Amino acid sequence: MTKQGYQQSGSARKWLEVERPETMTKLAVLVVEDNPLAQKVLAAHLTGHNVEFAADLNTARQKLSDGNPDICFIDLKLGDKDDKCSGLKLIPLAQAKGSYCVVMSGHGSEPYVQKAYELGCHDFYAKGNEEVNVSKVLARFNQKRKKISEEFLFSQSFVTQDPQTRALIHEALNYAPSDLPILILGPSGTGKTKLASIIHDASVRRGEFVAINCSAYTQELLEAELFGYKRGAFTGANENRKGKLLMANEGTLFLDEIGSMSLEMQAKLLKAIEEKSFYPLGSERPETSNFRIISATLEDIQSLIKAGKLRFDFFQRIHGLTIELKPLAERKEDIFALVDFFTRQDKRLAFTEDAKEELLRHDWPGNIRELKKLVDLLVAGERGRVAAETVKKMLKTLRLQEGGVGFASEEQYRFAAREGLPQAIDRFIDAVVKRHLESNGGIKTKAVKDLRISTRLLYQSLERSGIPYTKRNVNHDQEHNTNGTTPIPAHS
Amino acid sequence: MSIMTKNIIPTEPLLSQLIHDVSSQCGSLKGAAGLLKNASPQESSELLGLMIEQAQTLAEKIVAYKNSLNADEISK
Ligand SMILES: Nc1ncnc2c1ncn2[C@@H]1O[C@H](COP(=O)(O)OP(=O)(O)OP(=O)(O)O)[C@@H](O)[C@H]1O
Ligand SMILES: [Mg+2]
């Protein structure tokens, strides 16, 4: 993971704030205290936070039902005659609002502290030494919030048990409030889009999360889509249209599949990003827009650069922080947590031991998306514990579905329709060759043999991908070359 | 609270109340005193006003308690 300089802007949302210096965390606090002087003292020790006061039970009830305080300080004894410590009554209300509930006791109310804990209060201190006690309470609150937010994040939002992935997500979220561009890498279905939207949510930007899949458009359409156009700018432009750049104003622009953007488009986009201003097609008036860029690709970024498919200056501009998501096969401990997450609203799935092993054995080429599809199938069809056979059968069904509808994936289809089938085939070959080499220690003879290709095809592919090679390394093997082309001798 | 019957121990709840008031209000007096050194003139006059008021109330409560003790003595 790498990062460049960054600027902080805005403040992070509740569950994120704990990651940041305490001084930057502005809390909503309700103080229930009848004594005006004690109110003043507490207010002084809570400077910098949003503090509201209630001097009696009814006002406190009202404020609790109207607001949503992070912390609620409750004096147990409200008024001289309050022998029964009516402050206790507020604890369940504060708790229901998710507030961190702190009771303050004075002489005579100590016996009620135990009761307060039974009712669900989180913290307590004896009145009289506010300077020390309030700061201790705030520290304990931050500690607790950090734990809760982490639990929430990794069990309800970006589900993962993998320590390495957790650390990456943490790092990314630390930069959520900044303008730092973020580049997310990882194979298909590993959660790149999901992570991008989580980062946006945590950024507290006023604007929208605007996603665009660059591989889904021809270059002309992509330009129109990004920059927008005026009526009559080109044939078919029957009305003015706002581009994604403008839609993302004060928000996040998520550029998916950046590898498929033409060099010319990259240059135009780079200019727009740097100047924060651009011309919609057919317009003489520049538009300004202020957005944060998150981009993603499932391709190997270094090869894209080497092969000249990604401008280095554009790359420099978008890769402030690079997050590489691991394939599911490398974090198999996540499988069951994800199954739980995907079934949180449905009936739970139970697996036999064999079925669990089957899930762990599978190599999940479609990553989390594949797991999600499997879970959907199982939830729809299964009663009782799921057996290993069923898992195998369903995984096969999914593979067949992929083979039918998805062998030419949406992305491949669009690419072919845009650039032509021969180009698309080359790209497919390059991806397969590269993946094979990566998974087999770069042994080219093995690639030639396993993939049953000619060495010429291999070299052409390496050339396109910008992977350096010396032809001598390949010991071509005609036997396995079944595609009808003649292998070219290394020295030819 | 000065009308007490024999089967209740009169001074205890009253004493307990007094201790509560003295301890918690002295606590906030101390806390407020600590704030004075960094307070603006306006804040400190506001604080001082509240402090004086609180000190007076406390003094009155102590007197009231003393009187109730005396009344108790007399009624015996
Ligand atoms: N860690 C996760 N926790 C919960 N759901 C996840 C997680 N990662 C991915 N998903 C879910 O899996 C599916 C695929 O994820 P996503 O679309 O983000 O992958 P991707 O890497 O962007 O794929 P592609 O490269 O095809 O665009 C989505 O339904 C997403 O909500
Ligand atoms: Mg995606």
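The shell around ligand 1 is made up of eight nonpolar, six polar and five charged residues; here Ala, Val, Leu, Ile, Met, Phe, Trp, Tyr, Cys and Pro count as nonpolar, Asp, Glu, Lys and Arg as charged, and the others, Gly among them, as polar. This is a predicted model, in which local features need pLDDT of at least 70 and side-chain atom pairs count only at pLDDT 80 or more, while totals for chains, interfaces and linings use all residues. Residues are numbered from 1 along each chain, chains are lettered from A and ligands numbered from 1 in the order in which they are written, and side-chain values use heavy atoms, without hydrogens and water.

Of the 19 residues around the ligand, A:Ser188, A:Gly189, A:Lys192, A:Thr193 and A:Lys194 come nearest; a residue is near if one of its heavy atoms lies within 4 Å. For A:Lys194, a backbone N or O atom is 2.9 Å from a ligand oxygen.

The shell draws at least three residues from each of domain 2 (158-324) and domain 3 (328-403) of chain A, with bounds from an automatic or database domain assignment.

Attention now turns to the two chains. Their contact (heavy atoms within 4.5 Å) takes 20 residues from chain B and 14 residues from chain A.

Note on methods: Polar contact = N/O pair within 3.5 Å; in protein donor to acceptor, adjacent residues only side chain to side chain.
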